[in-house]
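Please look through the sequence and the model below before reading on. The paragraphs after it go through the structure part by part.

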Amino acid sequence: MKVLFAGSECYPFVKTGGLADVMGSLPKALKAQGIDVRVILPKYACISDEYKDKMQYITHFYMRLGSNPFEKYVGLMSLELDGITYYFIDNEDYYSYGNPYTDIINDIERYIFYCKAVLAALPVLDFLPDVIHCHDWQAALIPVYLRTLFKDTELAHGARTVFTIHNLRFQGIHSPNYIQSISGLPDKVFGVDDMLHNRDANMMKGGIVYSDKVTTVSETYAWEITTPEYGETLEGLLSYYRYKLCGIVNGIDYEVYNPAKDKHLYKHYGTRDFVRGKRENKLKLQEELGLEIDQNKFVIGLISRLTDQKGLDLVAETIDSMLDGNTQFVLIGTGDPWYEGMFRELEERCKGTVSSNIMYSEERARKLYAAADIVLVPSRFEPCGLTQLIAMRYGALPVVRETGGLRDTVQPYNEFEDSGNGFSFDRYDAGLLLGAVNYAKNVYYTDQKAWRGMVRRAMNMDYSWKSSAEKYRLLYEEIVNW
C-alpha cells in the first residue's frame, strides 16, 4: 500500500505544535508495518540549512492557480531521512519568507497553492498513492480538488482520502469570492452542502465533506466536536458525517523521547532507577535555573503555548496557592503577552521558587520533564495533547482536565485500588485544579511507595505510535477495498 502524508509542518524540518510530531512520527510507524509512506510539505525559508543542503532537485513545472493569468512555478525537491522520502514544494513567492503561518489572507493563498500543487506533482513524481492522508485546514482542499478539477485523472480514480482534524478551532475561513478566485474551484463547491458555512467559504468544511474518512486525534475529541461546546460551529456538520468520523489517539516517538538515552538530560534513567535519575535531574535543573537547590521540593512543570485554551486562566487564579514553602514552579512557553507578563512578574515576586522561561527550547523542555514531579495540562479543550504523553514517559505525573485526549490517556490515581498514572479533574474550575495539585502533593509527601508505583506505571504505559499506526493501517485498508 502507498500512502502520502500532506500537511503544513513536520518534525524535524518545521515545528510549531503537535501536528509536526504526528507528521514526523506516524509515517515511520506505518513504514514498520510495511506501508510505503511518503510526506510532502512546503519548502519554507525557515527550514534549517542542515536539511536544505541535503535536498535533491527533482524537477519543476508551471501551474495555473485560479483566475491569475500567470502560471505559478512549482519546484520539487526530495530528501530521504530515517527511511522516509520527503518531498518539498518550492515557490519563492509563497515560501521564501516567514514561518509556516503569517496572516490568514496570505496563509489561505499559500495553502491553496500547496493543495493544488500536491496533486499536480504526484504524476511527475511517479508516485500514485492509494491513500492521501491530509492534515488540518492547510491540506483540506486536496480532497476537494481531487473530486472536482482532478476528477478525470488516474490519481482520482485510484486514490482515497483521509482528513485528520488536529484542532477544529482553526478552519481556513474567508469570503467565497476570495477563495474561489484563488482556487479556481467550480461554483458547486461554494454551496451550503459543500464549503459555504455562515456565508463564508470554509476550507476545513471542504475537507470534511469531500474526504472518504475523517479522523480526530482521540476518541473523546471525536465525540466532543459533535457538541456545541466543542464543535466550533461545525457540530451539525460533524454529526451529519458521524458515519465517517472516528478518533485515533496520537502517540509519541519512543526513540526521540527516551529518558534512558536522551542527550539533553543531565542523567539518564529508566523504570528501575528513576528515583535517583529524576532526583539528579531535579537538582541540576534547580541549579541551572537559579532555584533553591533542594531535592525535597515538589517541582511543578508547565510546558505550553500561553493561550486561554491551555487553561492558563485557572493557573493564574491558583498559582499563589500552589506555591507553599515546599513547592517550585517552572514554566516554558510563549504566547499571549498578558500571560507572558504575568509569569515574568511571578518570577520577580518569587525568586528562587519560580522560573518563567518565556521561550521554547526543546532541550530545556526535556530537562523539565525529567526533573518535574508533576506537569500541568489543565486545558479548556485538548484534541489529543502530547505533553501528558511525554511527561509520563519521563516519570512526571500529569495533572489534567478530563477532556479530549487527556481523558483518554490519563487514568486518575485511585488510592483504594492503587491504580492510575496521574491526576485529573472534570469541570473547568480553578478550585478543582488546585484540589488535584494538592492531592498530588499529599500523595507525594505521605506515601512515597504509592507515588513510585504510579510513576512506574506511567513510564510503562505504551503510547508509542505502534498501536495507533495499526489502527490507521486498518482504516486505510477499509477505504482502499471499498
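**A walk through the model**

Helix 1 gives the most to the lining of the second largest pocket, with five residues. Helices (H or I, at least four residues) and strands (E, at least two) are DSSP runs, numbered from the N terminus. This is a predicted model, in which local features need pLDDT of at least 70 and side-chain atom pairs count only at pLDDT 80 or more, while totals for chains, interfaces and linings use all residues. Residues are numbered from 1 along each chain as its sequence is written, and side-chain values use heavy atoms, with hydrogens and water left out.

The second largest pocket has a volume of about 460 Å³. On a 1 Å grid over the protein atoms alone, a pocket is an open set of points where a 1.4 Å probe fits, with protein on both sides within 12 Å along at least five of seven lines; lining residues have an atom within 4 Å of a point. Grid points are joined across faces, edges and corners, and the volume is the space filled by probe spheres set on the points. Of the 22 lining residues, Tyr11, Asp253, Glu255, Val256 and Arg366 are the closest to the centre of this pocket. Two or more lining residues come from each of helix 1 (18-31) and helix 14 (362-371). By type, the lining has eight nonpolar, four polar and 10 charged residues. Here Ala, Val, Leu, Ile, Met, Phe, Trp, Tyr, Cys and Pro count as nonpolar, Asp, Glu, Lys and Arg as charged, and the others, Gly among them, as polar.

Proline 12 is placed in the loop between strand 1 (2-6) and helix 1. Elsewhere, aspartate 126 has a positive phi, near 60 degrees, and is not a glycine. Its loop lies between helix 4 (104-125) and strand 6 (131-135). Most residues other than glycine have a negative phi, and most peptide bonds are trans.

Helix 1 also meets helix 19 (residues 465-480): their axes come within 9 Å and cross at roughly 75 degrees. Helix 1 is therefore roughly perpendicular to helix 19 (the term covers 65 to 115 degrees). Axes are lines fitted to C-alpha atoms, for helices over the stretch in contact, and angles run from 0 to 180 degrees between N-to-C directions. Contact means heavy atoms within 4.5 Å. Among the residues making this contact are Asp21 and Leu26 of helix 1, and Trp465 and Arg473 of helix 19.

Six strands form an open sheet with parallel pairing, in the order 15-14-13-16-17-18. Two strands pair if DSSP finds at least two bridges between them. The edge strands, strand 15 (354-357) and strand 18 (423-425), each pair on one side only. From one strand to the next, the twist averages 15 degrees. Helix 12 (residues 312-322) packs on this sheet, and its direction makes about 165 degrees with that of strand 13. Helix 17 (residues 430-446) packs on the sheet too, at about 160 degrees to the direction of strand 18.

Another open sheet has three strands in the order 8-10-9, with antiparallel pairing. Strand 8 (173-174) and strand 9 (196-197) each have a single partner strand, so one side of each is left without a neighbour in the sheet. Two bridges join strand 8 to strand 10 (residues 200-202). In this sheet, histidine 174 stands opposite alanine 201 in strand 10.

Terms used. Angles under 35 degrees count as roughly parallel, over 145 as roughly antiparallel, 65 to 115 as roughly perpendicular and the rest as oblique.
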